[in-house]
Amino acid sequence: MADWRIWRRKSVPVEPAVDIQEAIEASADDGLAMARLGAVMAIKNKILVQAITQPEAFDPSIFLSPAQEIITTLAVENLEMAAVVAADLKRARKLRGEAMFKDDYRRGDVNNLTIRQGSLEEVARRLKDNLSNEQWLRELITEAHGLAWAELSREMERSLDRKEAIEFGGANYEEERDDRLRQFINLDLAQLIEEQTPEY
């Protein structure tokens with residue numbers, strides 16, 4: 001579970017101008033969409049793992065807790081990035097002139113940094129608010145489930161097509177079909193999941 005102590009950090013609220021606030025909201029909409037997609041993909045990989053290790057009927061409820069952990073991690077990551085931007089913003093307010101190198105922020109960058117910080121904090125807030133929204137979490141799980149099985153089907157078809165193209169017509173073709181399916185589940189699919197699973 002991600003460290004929630006970062007939520008207890010206090011900051012002095014500064015009300016941004018209307019145009020800045022509108023830009024923050026628009027950027028946060030995009031940021032939340034990206035975070036949501038990242039969560040769906042992470043849940044998808046957990047569903048694929050379950051399909052191999054526990055191949056019983058799919059139960060969305062067992063993924064509610066993992067989904068909350070993934071959302072928590074994403075929220076904390078956004079807050080941590082916001083803290084970095086806040087430090088850049090603090091320095092930028094004191095510096096005039098042109099930037100001398102990358103990340104050398106000056107007063108001319110204050111608005112952009114303000115928008116970025118506000119957007120990151122807003123994405124974190126929205127993610128945190130959805131932690132207790134079971135309907136929202138179940139929608140993520142349902143979407144992830146569809147992606148997982150679509151990917152599984154494609155990979156199974158490709159794997160079997162490759163093997164059958166080589167082995168078709170062999171004397172033991174039909175007898176070995178079950179062995180090929182088991183090999184796909186134990187080796188090919190396991191490798192697919194390992195390659196795509198993020199560290200959440």
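**Exercise 1. Describe how helices α1 and α2 pack against each other, and state which residues make the contact.**

Solution. Step 1: α1 and α2 pack at an angle of about 140 degrees, and their axes are 10 Å apart. These values come from a predicted model.

Step 2: The crossing of the two helices, α1 and α2, is right-handed.

Step 3: On the α1 side, the contact is made by Ala35, Ala39, Ala42, Ile43 and Lys46, and on the α2 side by Pro66, Ala67, Ile70, Ile71 and Leu74.

Step 4: Sorted by class, the contact of α1 with α2 has nine nonpolar residues, no polar residues and one charged residue.

**Exercise 2. Determine how α2 and α3 are oriented, and classify the residues of their contact.**

Solution. Step 1: The axes of α2 and α3 come within 8 Å and cross at roughly 160 degrees.

Step 2: Angles over 145 degrees count as roughly antiparallel, so α2 is roughly antiparallel to α3.

Step 3: The handedness of the α2 and α3 crossing is left-handed.

Step 4: From α2, the contact includes Ile71, Leu74, Ala75, Val85 and Leu89. From α3, the residues in this contact include Leu113, Leu120, Val123, Ala124 and Leu127.

Step 5: The residues of the contact of α2 with α3 divide into 16 nonpolar, three polar and three charged.

**Exercise 3. Characterise the packing of α1 with α3.**

Solution. Step 1: Helix α1 covers residues 18–53 and helix α3 covers residues 110–129. The two pack at an angle of about 50 degrees, with 8 Å between their axes.

Step 2: α1 and α3 are therefore oblique to each other.

Step 3: α1 passes α3 in a right-handed crossing.

Step 4: Residues of α1 in the contact include Ile20, Ile24, Ala28, Gly31 and Leu32, while those of α3 include Thr114, Ile115, Gly118, Ser119 and Leu127.

Step 5: In the contact of α1 with α3, nine residues are nonpolar, six are polar and four are charged.

**Exercise 4. Describe the largest nonpolar core and the surroundings of Leu127.**

Solution. Step 1: The largest nonpolar core has 28 residues. Those with the most contacts inside this core are Ile43, Ile71, Leu127, Leu137 and Leu140.

Step 2: At least two residues of this core are supplied by each of α1, α2 (64–92), α3 and α4 (134–167). The helix that gives the most is α1, with nine residues.

Step 3: When neighbours within four places in sequence are left aside, Leu127 is in contact with Leu32, Ala35, Ile71, Leu74, Ala75, Asn78 and Trp136.

Step 4: Another core, of seven residues, lies apart from the largest one. Among the residues of this other core are Val85, Leu89, Ala92 and Leu113.

**Exercise 5. Decide whether Asp30 is buried or exposed, and locate this residue in the fold.**

Solution. Step 1: Asp30 has its place in helix α1.

Step 2: A residue counts as exposed if its relative accessible area is over 50%. The value for Asp30 is 51%, and Asp30 is therefore exposed.

Step 3: Asp30 and Ser119 are 89 residues apart along the chain, yet their C-alpha atoms are separated by 9.2 Å.

**Exercise 6. Summarise the protein chain as a whole.**

Solution. Step 1: The protein chain has five helices and zero strands, and from the N terminus on its elements run α-α-α-α-α.

Step 2: Of the 200 residues in the protein chain, 36% are buried.

Step 3: Consider the contacts between residues at least 6 apart in sequence: 76% of them join residues at least 24 apart.

Technical notes
Residues numbered from 1 in each chain as written. Predicted model: local features only at pLDDT ≥ 70, side-chain atom pairs only at ≥ 80, totals over all residues. Heavy atoms only, no water. Axes fitted to C-alpha atoms, helices over the stretch in contact; angles between N-to-C directions. Helix = DSSP H or I, 4+ residues; strand = E, 2+ residues; numbered from the N terminus. Parallel < 35°, antiparallel > 145°, perpendicular 65-115°, else oblique. Left-handed = near helix turned anticlockwise from the far one by under 90°. Contact = heavy atoms within 4.5 Å. Nonpolar A, V, L, I, M, F, W, Y, C, P; charged D, E, K, R; others polar. Core = buried A, V, L, I, M, F, W, Y, C linked by side-chain atoms within 4.5 Å. Buried < 20%, exposed > 50% of the residue type's maximum accessible area, 1.4 Å probe, protein only.
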